[in-house]
Amino acid sequence: MTQRGKTMTRTPSGQRGPVDHERRDQIIAAAHEHFRLYGYKKTTVADLAKAIGLSTAYLYKFFESKKAIGEAICSLCHDTLLADIQTIVKDDVTPPEKLRKIFQSLAHNGAELFLHDRKMHDIVASAIEEKWHAAIAFDQELNGIIRSILLAGREQGEFERKTPIDEACRAIVLTLQPIRHPALLEYNLETLDDDATMIANLVLRSLAP
């Protein structure tokens, strides 16, 4: 993209300028705090600019829209979830136990977000509802992790091998929906941890050789 004769870079999520620009990080941090106080949907770019103490035009040098700022914040949230999952993947436990722990981790983190950071929960909900790049990337990463665990479990004789691997991965991701989807998990908050364990146990029984 060019602006006034200058070439500018753009990431898939609508960010502009150098990837490692310090000002962008400051804008993301300030916007995150503003969204947590007032909500994502009720905030405009002009509101953000005023709250941060910058001009709207200056914000547009780094982000092409409010959605792009939301994408950046959502990615940070997803990075935290993935970090917890990657820790589980590295644990010295069996593939079935890794899957069980992933179910429990997603349920726990989803409940924490809803109960203690509701505005951030709403941003994640918007990301899923509007199919933001950040949400799609998270789903792809999660699917890849589950696939690697299934393959390892099959090699070790822990899981059956008849079901096509893509079908098995897709089915497991679908069973995760009630405990990780922002629009669904809030209806089962009181039993979410137990629900995650029960669903994981059912999935693991279906995967048994």
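Predicted model: local features only at pLDDT ≥ 70, side-chain atom pairs only at ≥ 80, totals over all residues.
Start by selecting Ser65. Ser65 sits in the loop that runs between helix H3 (56-59) and helix H4 (66-90). Its relative accessibility is 23%, so Ser65 counts as partly exposed. Now show what surrounds this residue: apart from neighbours within four places in sequence, Ser65 is in contact with Val45 and Tyr60.

Next, turn to the salt bridges, of which the structure holds six. Select Lys41 and Glu129, which form a salt bridge with the closest N and O atoms 3.9 Å apart. This pair links distant parts of the chain, 88 residues apart: Lys41 is in the loop between helix H1 (22-38) and helix H2 (45-52), while Glu129 belongs to helix H6 (residues 118-129).

Move on to Asp91 and Lys101. Their salt bridge has its closest N and O atoms 3.5 Å apart. Asp91 is in the loop between H4 and helix H5 (95-116), and Lys101 is in helix H5, ten residues apart. Asp91 counts as partly exposed because its relative accessibility is 27%. Lys101 also has 27% relative accessibility and therefore counts as partly exposed.

Finish with Arg154 and Glu160. Here the closest N and O atoms of the salt bridge are 4.0 Å apart. Are these two residues buried or exposed? Arg154 and Glu160 are both buried.

How values were computed: Residues numbered from 1 in each chain as written. Heavy atoms only, no water. Helix = DSSP H or I, 4+ residues; strand = E, 2+ residues; numbered from the N terminus. Buried < 20%, exposed > 50% of the residue type's maximum accessible area, 1.4 Å probe, protein only. Contact = heavy atoms within 4.5 Å. Salt bridge = Lys/Arg side-chain N within 4 Å of Asp/Glu carboxyl O.
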